[in-house]
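This report concerns salt bridges and the surroundings of a ligand. The structure is shown first, and the account follows it.

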Amino acid sequence: MQKSLDYLNLDELYSEEEILFRDTVKSFVYDEVSPIIDEYYQKGIYPVELTPKLAELGIFGITVPTEYGGAGANYTMYGLAMQELERGDSAIRSFASVQNSLVMYPILKYANEELKSKWLPKLANGTAIGCFGLTEPDYGSNPSGMITNAVETESGYLLNGAKMWITNGTVADIAVVWAKLDGVVNGFLVEKGTKGFSAPEMKGKYSLRASVTSELIFQDCEIPKENRLNVVGLRGPLSCLSQARFGIAYGAVGAALSVYESALEYSKTRIQFDKPIASFQLVQQKLVYMMNEITKAQLINYRLGRLMDEQRALPQQISLAKRNNVEIALESARLAREIHGANGILGEYPVMRHAANLESVKTYEGTNDIHTLILGQDITGFSAFA
Ligand code: TGC
Ligand code: FAD
């Protein structure tokens, strides 16, 4: 396993424990993910056999306290793990992001003690899978307009509506679902098998093909009273998104490292005009762009990880990192594909798969445009959303 790009010696800033965890995940991805991922991607299925192995590695519930089965580690370690998983494939990082940030986090933060004890240990050991339903067919970037609604009954709530584009929906044992109760966004835990709840898989994707993406459909779905989360308003789901967007900022660097390292190696061995293509100025320009942008993204991540660990990171700072790092990862994947020439479109190299995946990563968890507007509003004081 070769050493990764570290142009500014940033490894010196991470603790021994952080580096050890990162390298353990890196070697897991090298041994268990990279050899099989292209086949699963081409078939359009998630490699289920990875789930217990990821659990054993301690990937689920990285920042969750040990009393609930988590690892009780810091956010920096969570970020570094997401980086290494996405070096393998965005689908594997997505699986882990949803489980950690979008399912375990809201249960830990907003569910009652009984639900925490019931679900967190199972989610941590991978015997239960979760999903997060915010997006609807007509409300993506603007979740505040959602029409899925809950009505209070004597025994609990009756849920009606539909969610779309939900990672792991079909395979999930527990869904964190956001719906309006008396016109205000609330969160509910919906267990698999609940009457009136179905989760058909969406097919036909050209991106994130090794990830399960689903609809969630609720037709007079009865939810017990205690399954309502203790948070009111859009800040509930947005607080979960802050966690997941942080993981994506690190994850995108993993994808960027994968395509950069593949392009660098390829360019040194591919001969054209009697020379390695790495000796041509135009190829070097592309490689230097990647190296330079990845180094800047690594710096952003290091600083953001520390701010997260100190519980000081602002949502806008997380937006800056998600927006920047996904953008440069996608641009790097496109340039790496060019450097690989025709070989770049083959599954033998990771570049086209990463480029296609990153198109989704640029859209989910807030599109680049939405993060631009979040930052624009922050620095000018004017909202340009509508
Ligand atoms: P706005 O008025 O700005 O905010 C409403 C309330 O929320 C608070 N808030 C936050 N709280 C915690 N964390 C954050 N990041 C927060 N951002 C805002 C805010 O202070 C306010 O609180 P309060 O108490 O005053 O009510 O809300 P808005 O309706 O104007 O919306 C703002 C906007 C457009 C930025 C937001 O809707 C947005 O981020 N839209 C993008 C939607 C999105 O990202 N969806 C992602 C769906 S999940 C997904 O994609 C998973 S992919 C999984 C995978 O496979 O990896
Ligand atoms: P739209 O909101 O319709 O946006 C379309 C275009 O318009 C975009 O370019 C956008 O930037 C632009 N736009 C929108 N509003 C503005 C504006 N005010 N100003 C300027 N431009 C604007 N969601 C979940 O809840 N849970 C999941 O697990 C999940 N997993 C996903 C997995 C995959 C593979 C994908 C692709 C998506 C997933 N999503 C999930 C949904 C994702 O969060 C949404 O796709 C995303 O929020 C964007 O919504 P939309 O696709 O409806 O696009």
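Which side chain meets that of Arg93 in a salt bridge? The partner is Glu86, with an N to O distance of 2.5 Å; a salt bridge here is a side-chain nitrogen of Lys or Arg within 4 Å of a carboxyl oxygen of Asp or Glu. Arg93 is buried at 1% relative accessible area, and Glu86 is buried at 0%. On this scale, buried means under 20% relative accessible area, exposed over 50%, and partly exposed in between, with a 1.4 Å probe and protein chains only.

## Basis of the model

This is a predicted model, in which local features need pLDDT of at least 70 and side-chain atom pairs count only at pLDDT 80 or more, while totals for chains, interfaces and linings use all residues. Residues are numbered from 1 along each chain as its sequence is written, chains are lettered from A and ligands numbered from 1 in the order in which they are written, and side-chain values use heavy atoms, with hydrogens and water left out.

The whole structure contains 21 salt bridges. One of them joins Lys53 to Glu32 at 2.9 Å, N to O. Lys53 belongs to helix H2 (residues 50–57) and Glu32 to helix H1 (residues 16–43), 21 residues apart; helices (H or I, at least four residues) and strands (E, at least two) are DSSP runs numbered from the N terminus. Lys53 is partly exposed at 34% relative accessibility, as is Glu32 at 29%.

Glu338 and Lys286 form another salt bridge, their closest N and O atoms being 3.2 Å apart. Because Glu338 lies in helix H8 (residues 315–339) and Lys286 in helix H7 (residues 281–309), this pair ties together parts 52 residues apart in sequence. Glu338 is partly exposed at 41%, and Lys286 is partly exposed at 23%.

A network of salt bridges links Lys3, Asp6, Asp11, Arg22 and Asp23.

## The surroundings of ligand 2

Ligand 2 is surrounded by 17 residues, the closest being Thr135, Ser141, Trp165, Thr367 and Asp369; a residue is counted if one of its heavy atoms lies within 4 Å. Strand S3 (156–167), helix H9 (351–363) and helix H10 (368–380) each give two or more residues to this shell, and S3 gives the most, with three.

An N or O atom in the side chain of Thr135 is 2.7 Å from a nitrogen atom of ligand 2. A backbone N or O atom of Phe132 lies 2.9 Å from a ligand 2 nitrogen.

Conventions:
A polar contact is a pair of N or O atoms within 3.5 Å; within protein, one must be able to donate a hydrogen and the other to accept it, and residues adjacent in sequence count only if both atoms are side-chain atoms.
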